[in-house]
Amino acid sequence: MHTSGVTSAGFYPELSQVGIISSSPKGDVRRMDITELAQLAELQQLQHERSLLELLDALRAIDPEVAERAIYVFDDKTSAAGWLANPVMSLGGVMPLQALAEGRRADVLRVLGQISHGVYA
């Protein structure tokens, strides 16, 4: 068994609920093996995707047109939410959500239109 050298200390408390973290009654934390590390990565990815979908749902309530346009352009809710929450060079390196908060809705819609037509500059 190959151990990663990474301890489970400091990771999310939910990990003990799914069996990734175990500790002795003394509070000693054992090292995770590579399989457990992969499980941790998968759990974190699922939590991240869930957070992105919640973000997209919130945007749908605030600005349904932008949310629906992003879903249409990326053909996937998770990808659309990921785009909205990551810096975009054609928006000056800010997240589209930040651009929306700055009143740059037209810029966000313009960039989505460019992406839908294959223009990524």
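I checked the length of helix α2 (residues 34–62) first: at 1.5 Å a residue its 29 residues should span 42 Å, and the end C-alpha atoms are 42 Å apart, so the two agree. The expected span is 1.5 Å times one less than the number of residues. Helices are DSSP runs of H or I with at least four residues, strands are runs of E with at least two, and both are numbered from the N terminus.

I noted the basis: this is a predicted model, where local features need pLDDT of at least 70 and side-chain atom pairs count only at pLDDT 80 or more, while totals for chains, interfaces and linings use all residues. Residues are numbered from 1 along each chain as its sequence is written, and side-chain values use heavy atoms, without hydrogens and water.

I looked at the start of α2, where Asp 33 caps the N-terminal end with a side-chain oxygen 3.0 Å from the backbone nitrogen of Thr 35.

I then took α2 against helix α3 (residues 64–74): the axes, lines fitted to C-alpha atoms over the stretch in contact, come within 6 Å and cross at roughly 135°. In contact (heavy atoms within 4.5 Å) are Leu 56, Leu 59, Arg 60 and Ile 62 of α2 with Pro 64, Val 66, Ala 67, Glu 68 and Ile 71 of α3.

Buried residues make up 27% of the 121 residues.

How values were computed
A polar contact is a pair of N or O atoms within 3.5 Å; within protein, one must be able to donate a hydrogen and the other to accept it, and residues adjacent in sequence count only if both atoms are side-chain atoms. Buried means under 20% relative accessible area, exposed over 50%, partly exposed in between (1.4 Å probe, protein chains only). Axes are lines fitted to C-alpha atoms, for helices over the stretch in contact, and angles run from 0 to 180 degrees between N-to-C directions.
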